[in-house]
Number of protein chains: 2
Amino acid sequence: MSVDRLDAQMAFLMEADKLKAITRATRNHDGRFENSAEHSWHLALFATVLAEHAPEPVNVGRVVKMLLIHDIVEIDAGDAPIFGEVDHSAVDASERAAADRLFGLLPQDQATEFLELWHEFEDNETPDARFAKSLDRFQPPNLNLAIGGGSWTDYNVSLETFEGKLAPKIQRGAPALWNWLHPRVKAFFRTA
Amino acid sequence: MSVDRLDAQMAFLMEADKLKAITRATRNHDGRFENSAEHSWHLALFATVLAEHAPEPVNVGRVVKMLLIHDIVEIDAGDAPIFGEVDHSAVDASERAAADRLFGLLPQDQATEFLELWHEFEDNETPDARFAKSLDRFQPPNLNLAIGGGSWTDYNVSLETFEGKLAPKIQRGAPALWNWLHPRVKAFFRTA
């Protein structure tokens with residue numbers, strides 16, 4: 001171990017601290033907007049507890065690692081709310097540049113590993129990525145249900161919009177979780 | 001998989017959301033007090049990046065899992081600042097009761113597993129626990145250095161107090177990290 005190596009690792013970890021200041025559109029149980037660092041923690045916990053519901057075998061450790069780093073690009077690129085108006089190609093380009101800069105702070109071997117893991121998550125094609133991505137879509141509606149609307153109310157979202165934006169990814173990566181969530185969301189919108 | 005099982009897992013995960021509202025004595029780079037959920041995320045990232053510096057082989061996945069759940073008891077017991085005046089036996093009793101209640105929300109097999117993992121962390125005797133505990137002690141001084149004082153200033157902490165409270169655990173569980181940190185902390189107190 002060279003001292004330079006630990007210097008580079010610490011530079012990355014202290015830069016990552018800034019993720020705690022990136023605000024999302026979802027609200028926690030107390031009404032405060034969730035930040036992307038605590039969101040990443042919550043998702044890693046979801047993966048740890050819910051891994052048995054993945055529809056095909058996943059490597060839980062890899063899924064957790066993916067979720068710990070999946071939003072770090074937002075330090076440079078910001079959060080793009082799922083119900084907001086977004087220029088997807090601009091966001092993609094901004095996030096790719098952010099991934100290069102931020103993971104590039106690490107020693108070369110770790111930079112390559114983290115960058116590949118982040119691209120795997122974004123591409124959403126492997127079993128690990130599909131399960132991780134579905135948890136990223138599954139957690140916010142549960143926060144919305146807990147607080148009685150949350151981002152659905154803020155963005156004036158209908159049941160149809162919710163289903164159109166969320167169902168495909170959650171159904172594909174975690175059908176058992178979608179089957180648990182969907183009737184609860186329908187019940188909410190019926191009485192909202 | 002029974003529906004009851006998923007109901008219990010979701011009850012735990014949504015109760016865990018409350019960790020985002022538990023405030024610590026350490027400040028993030030922007031001066032805001034860190035909460036225990038984002039702290040847990042940061043530590044899991046530290047473990048992922050710094051595992052090679054453990055003085056003996058560790059299971060990184062277990063260390064990460066330990067760190068994801070290590071502060072959940074604070075939902076009931078609150079955070080006990082390391083430089084504050086604390087009745088340790090009262091805190092211990094309160095945290096043990098919190099662990100029983102909170103992990104007890106999970107299905108029995110997971111409740112047992114999480115409770116054992118939390119006790120292993122607290123007991124600080126296995127290689128995984130020693131490394132996890134040392135990261136829990138190593139991260140806050142780095143935040144303090146980044147912000148120019150932080151909880152050291154708030155609690156009027158001297159270099160000797162810092163060394164007395166922090167050195168034993170970090171040195172034992174991650175001597176390479178202590179050797180990296182110590183001269184930086186000494187330089188800070190020399191000019192503070």
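**Two chains, one interface**

Reply: The model is predicted: local features need pLDDT of at least 70, side-chain atom pairs count only at pLDDT 80 or more, and totals for chains, interfaces and linings use all residues. Residues are numbered from 1 along each chain as its sequence is written, chains are lettered from A and ligands numbered from 1 in the order written, and side-chain values use heavy atoms, without hydrogens and water.

Me: How do you know that the copies meet through the same surface?

Reply: 100% of the interface residues of chain B are also interface residues in chain A, so the surface is the same. Contact means heavy atoms within 4.5 Å. By that rule, 51 residues of chain B touch 51 residues of chain A.

Me: What is the buried area between chain B and chain A?

Reply: About 4,200 Å², with 71% of it on carbon and sulfur atoms. Buried area is the accessible area (1.4 Å probe) that two parts lose on being put together, summed over both. Leu13(B), Lys20(B) and Trp41(B) supply 18% of the area that chain B buries against chain A, more than any other three residues.

Me: Why is the pair Arg184(A) and Asp7(B) called a salt bridge?

Reply: The rule asks for a side-chain nitrogen of Lys or Arg within 4 Å of a carboxyl oxygen of Asp or Glu. The side chains of Arg184(A) and Asp7(B) meet at 3.2 Å, N to O, so the pair qualifies. The count between chain B and chain A is six salt bridges.
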